[in-house]
Amino acid sequence: MAAALERRSIDPVPESERHGHPRSLFTLWFAANMQITSAVTGALTVLVGVHPLWALVAVLGGNVLGGIPMALHAAQGPKLGIPQMIQSRAQFGVYGAVLPLVLVVVMYLGYFASGNVLGGQAVAQITGLPTDAAIAVYAALSALIAVVGYRLIHRFGWIASALSVVVFVYLTIRLVGGHDLGAVLGAPTLDFPKFLLALSLTASWQLTFGPYVADTSRYLPSSTSVRATFWWTYGGTVLGATWAMSFGALAYAVAGKAFKGHEVAYVVGLGGEALLIPLLLAIALGKFTVNVLNIYGGYMTVATALTAFSRKAALSQGARVAYIAVVGVLGGVIAILGRGEFLGNFILFLDFLLYFLTPWSSINLVDFYLVRKESYDLEAVYDPNGRYGRWAAPALIAYFVGIAAQIPFSNVEGIFVGPMAPLLGGADVSWLIGLAVPGALYYGLQRRASWLTPSRSR
């Protein structure tokens, strides 16, 4: 068993250990999206008041747009061979990167907890365990897969993709065939601000995958093209999420309160009594892929934050397992304590993340593709005294400005409404500002710094 465990953690993957084909990214990200939480996110588009037909348009548009930066992050894995978030040290500095790292840890814990709630519901119905105990079991099994590591995660993604197709084809047929969707989708009226809110919700689903993707592609050979990595990732994530979210939007449109708060029970109920256990098992396994990715990325992000100060470039096997265990326990406890009012809490969680993660994503992508053009000093990302330094002012300035620039356009229902949002009919377009402003500012600051720095040689 020990020999089968992944050896690498936050350290670079040498070329001799690189393997695989980028098509594995399609099955992994298809499986990560084709699951019950995606369906819940799709339901939110109708819950916020969008007509079901326009909700389907928002689901497609949000995933198509949000999937672009998400898949662009994937290409960083093969080129650099390091986890996604440790590469942020090149933009923010070794210490400065801790700020976005802490927020990403919150993201991982939140998504891991939400996955445990939904997966735990399925396990509870299969086994008869109390829901809290089932959540704990589900979290523990996710941690076990994460301990084994990268190879098993990709293999499981392939199996889960195949299973998800079979299950969602069947459930979609049952949903469409058992209801008059013509009446549900008829007479569409467009409430544009609410449509933009639904678009933001679905785009945020993809945008918050940004910290994950290089983690799952870093073992691919460095010769893997950016184009191949992008399209295999983009195809899997957009297709899987669009299908599952569309299913969720339609399910909420026809079921309403029967779906809200009872997501798993409603979905398996579509299959009838005879298929209850197989569908519950399929849902639990389908949710497993992204749950494992949450704990897998979560432990590496925690380790990246802490090792900034210890200057460690790798973890021992024991330390790696300990980090995974800590993230697993925290995510399980959060799930048990916060499983009430799940849909309402989840929508607030998505809104919160979007304001902080889109500026990071924008800066990271601009740096990789436009500033450093895929060329990095890997030794320096582990050294506070190296070329990237402890704190990097251009990225930190751009990051905080990016967050501040979103505030006037923000509309978090019941919590905060920025002054520009009412002028737009209540529409929340802050995520577009969060992508455009910090990236442009960071590029300008870096160009200015390069002009002021004399060239050493030509």
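Where is Leu 315 found? Select Leu 315: it sits in the loop between α13 and α14. Keep in mind that this is a predicted model.

**Stop 1**

Is Leu 315 buried or exposed? Leu 315 is buried, because its relative accessible area is 12%, and buried means under 20%. Now show what surrounds Leu 315. Leaving aside neighbours within four places in sequence, Leu 315 is in contact with Ser 9, Tyr 299, Ala 303, Thr 307, Arg 320 and Tyr 323. The C-alpha atoms of Leu 315 and Val 57 are separated by 45 Å. Along the chain, these two are 258 residues apart.

Next, select Ala 313. Ala 313 is also found in the loop between α13 and α14. Ala 313 is partly exposed, with a relative accessible area of 32%. Which residues does Ala 313 contact, leaving aside its neighbours within four places in sequence? They are Ile 10, Asp 11 and Tyr 382.

**Stop 2: α13 against α14**

Select residues 276-310 for α13 and 317-337 for α14. At what angle do α13 and α14 pack? The angle is about 115°, and the axes are 9 Å apart. The two helices are therefore roughly perpendicular to each other. α13 passes α14 in a right-handed crossing.

Color the two sides of this contact:

- From α13: Ile 295, Tyr 296, Gly 298, Tyr 299, Val 302, Ala 303 and Leu 306.
- From α14: Arg 320, Tyr 323, Ile 324, Val 327 and Gly 328.

By class, this contact of α13 with α14 has nine nonpolar, two polar and one charged residues.

**Stop 3: α6 against α14**

The crossing of α6 and α14 is right-handed.

Which residues meet here? On the α6 side, select Leu 109, Phe 112, Ala 113, Asn 116 and Val 117. On the α14 side, select Val 327, Gly 328, Leu 330, Gly 331, Gly 332, Ile 334 and Ala 335. The residues of the contact of α6 with α14 divide into eight nonpolar, four polar and no charged.

**Stop 4: α10 against α11**

Move to residues 192-207, helix α10, and residues 226-255, helix α11. Their axes come within 11 Å and cross at roughly 140°. That makes α10 oblique to α11. The crossing of α10 and α11 is right-handed.

Pick out Thr 202, Trp 205 and Gln 206 of α10, then Thr 237, Val 238, Ala 241 and Met 245 of α11: they make the contact. The residues of this contact of α10 with α11 divide into four nonpolar, three polar and no charged.

Now find Ser 217, in the loop between α10 and α11. Ser 217 is buried, with a relative accessible area of 0%. Beyond its neighbours within four places in sequence, Ser 217 is in contact with Leu 25, Ala 74, Gly 77, Pro 78 and Tyr 150.

**Stop 5: the core**

How many residues are in the largest nonpolar core? There are 139. Highlight Trp 29, Phe 92, Met 107, Tyr 212, Phe 247, Val 264 and Tyr 299, which touch the most other members. Helix α13 gives the most to this core, with 16 residues.

Zoom in on Phe 92. Leaving aside neighbours within four places in sequence, Phe 92 is in contact with Ala 97, Pro 100, Trp 360, Ile 363, Arg 390, Trp 391, Ala 392, Ala 395, Leu 396 and Tyr 399.

**Stop 6: Phe 409**

Finish at Phe 409, in the loop between α16 (393-406) and β1 (411-412). Which residues does Phe 409 touch, not counting those up to four places away in sequence? They are Met 420, Ala 421, Leu 424, Ala 427, Asp 428, Val 429, Ser 430 and Ile 433. The C-alpha atoms of Phe 409 and Pro 384, 25 residues apart along the chain, are separated by 36 Å.

Conventions:
Residues numbered from 1 in each chain as written. Predicted model: local features only at pLDDT ≥ 70, side-chain atom pairs only at ≥ 80, totals over all residues. Heavy atoms only, no water. Axes fitted to C-alpha atoms, helices over the stretch in contact; angles between N-to-C directions. Helix = DSSP H or I, 4+ residues; strand = E, 2+ residues; numbered from the N terminus. Parallel < 35°, antiparallel > 145°, perpendicular 65-115°, else oblique. Left-handed = near helix turned anticlockwise from the far one by under 90°. Contact = heavy atoms within 4.5 Å. Nonpolar A, V, L, I, M, F, W, Y, C, P; charged D, E, K, R; others polar. Core = buried A, V, L, I, M, F, W, Y, C linked by side-chain atoms within 4.5 Å. Buried < 20%, exposed > 50% of the residue type's maximum accessible area, 1.4 Å probe, protein only.
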